[in-house]
Amino acid sequence: MFDEPITTPASRWISVTFLQGKQATEALGLIDRSGATTAFEYLQQWDHGDETTDAALTNGYVYDRIPAGSTDTIVEDDGSPYALTYSTRFRYVSLLRRHPLESELETVPAAPGGTAREAVRARTDVSDPWVVRPGRSANLAGQTVSL
């Protein structure tokens with residue numbers, strides 16, 4: 001377990017659409033009657049290319065691996081960038097699309113004299129609770145913690 005090398009995925013998964021309850025009924029019915037291939041075709045109507053990618057990146061619907069719970073069924077379509085997850089028990093369907101990491105970095109302008117990767121790290125608008133910002137620890141120092 002500890003001897004395994006840490007590998008970075010070659011791509012990530014972005015959420016194209018997530019349907020639940022009554023909205024998912026039609027897609028779940030397609031899966032039941034005609035199979036996952038038909039559901040892939042049906043759900044792809046919600047993929048609007050760059051607009052979908054931008055929305056997923058902006059809203060944080062980007063995953064290192066296909067997100068799935070213990071009751072989910074995962075179907076990957078060979079030769080396609082799509083994956084389908086669904087749960088008949090909890091009545092939801094999700095379509096995800098593979099997104100290469102390199103293209104994600106190319107959309108970030110490089111800092112002068114630096115790389116795109118450094119520009120991503122230098123972004124100040126990203127909220128990271130583990131990064132200490134000036135004045136943050138001073139505000140917390142006056143508080144008392146009791147058990």
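Which strands does H2 lie across, and at about what angle does H2 run to E4?

Modeller: H2 lies across E1, E3, E4 and E5. The angle between H2 and E4 is about 110 degrees. Axes here are lines fitted to C-alpha atoms, for helices over the stretch in contact, and angles run from 0 to 180 degrees between N-to-C directions. Contact means heavy atoms within 4.5 Å. Helices (H or I, at least four residues) and strands (E, at least two) are DSSP runs, numbered from the N terminus.

A word on the model. It is predicted: local features need pLDDT of at least 70, side-chain atom pairs count only at pLDDT 80 or more, and totals for chains, interfaces and linings use all residues. Numbering starts from 1 along each chain as its sequence is written, and side-chain values use heavy atoms, with hydrogens and water left out.

The protein has six helices and five strands. Along the sequence the pattern reads β-α-α-α-β-β-β-β-α-α-α. The five strands form an open sheet in the order E2-E1-E5-E4-E3. Pairing in this sheet is antiparallel. Two strands count as paired if DSSP finds at least two bridges between them. E2 and E3 sit at the edges with a single partner strand each, so one side of each has no neighbour in the sheet.

Take the pairings in turn. E1 and E5 are antiparallel, over nine bridges. Within this pair, Ile 14 stands opposite Arg 97 of E5. E4 and E5 are antiparallel too, over six bridges. Here Thr 85 has Ser 94 in E5 as its bridge partner. E1 and E2 pair in the antiparallel sense over two bridges. Trp 13 has Tyr 63 in E2 as its bridge partner.

Next, H1, with residues 22-34. H1 has 13 residues and spans 19 Å from first C-alpha to last. That is close to the expected 18 Å at 1.5 Å a residue; the expected span is 1.5 Å times one less than the number of residues. The buried residues of H1 are Ala 24, Ala 27, Leu 28, Gly 29, Leu 30 and Ile 31. Buried means under 20% relative accessible area, exposed over 50%, and partly exposed in between (1.4 Å probe, protein chains only). Those buried residues pack against E1, H2 (36-43), E4 (82-87) and E5 (92-100).

Seven of its 10 residues are buried, which leaves E1 mostly covered. Ser 11 belongs to E1, residues 11-20. Ser 11 is buried because its relative accessible area is 12%. Beyond its neighbours within four places in sequence, Ser 11 contacts Asp 64, Arg 98, His 99, Pro 100 and Leu 101.

Then the charged pairs. A search of the whole structure gives three salt bridges. A salt bridge is a side-chain nitrogen of Lys or Arg within 4 Å of a carboxyl oxygen of Asp or Glu.

One joins Arg 97 to Asp 47, with the closest N and O atoms 2.7 Å apart. Arg 97 lies in E5 and Asp 47 in the loop between H2 and H3 (50-59), so the pair ties together parts 50 residues apart in sequence. Arg 97 is buried at 12% relative accessible area. Asp 47 is buried at 15% relative accessibility.

Another joins Asp 64 to Arg 12, at 3.2 Å from N to O. Asp 64 lies in the loop between E2 (62-63) and E3 (73-76), and Arg 12 in E1, so this pair links parts 52 residues apart in sequence. Asp 64 is partly exposed at 46% relative accessibility. Arg 12 is partly exposed at 27%.

Glu 76 and Arg 98 also meet in a salt bridge, at 3.5 Å from N to O. Glu 76 is in E3 and Arg 98 in E5, so this pair ties parts 22 residues apart in sequence. Glu 76 is partly exposed at 45% relative accessibility. Arg 98 is partly exposed at 35%.

Last, the whole protein. Buried residues make up 29% of its 147 residues. Among contacts with a separation of 6 or more, residues 24 or more positions apart account for 62%.
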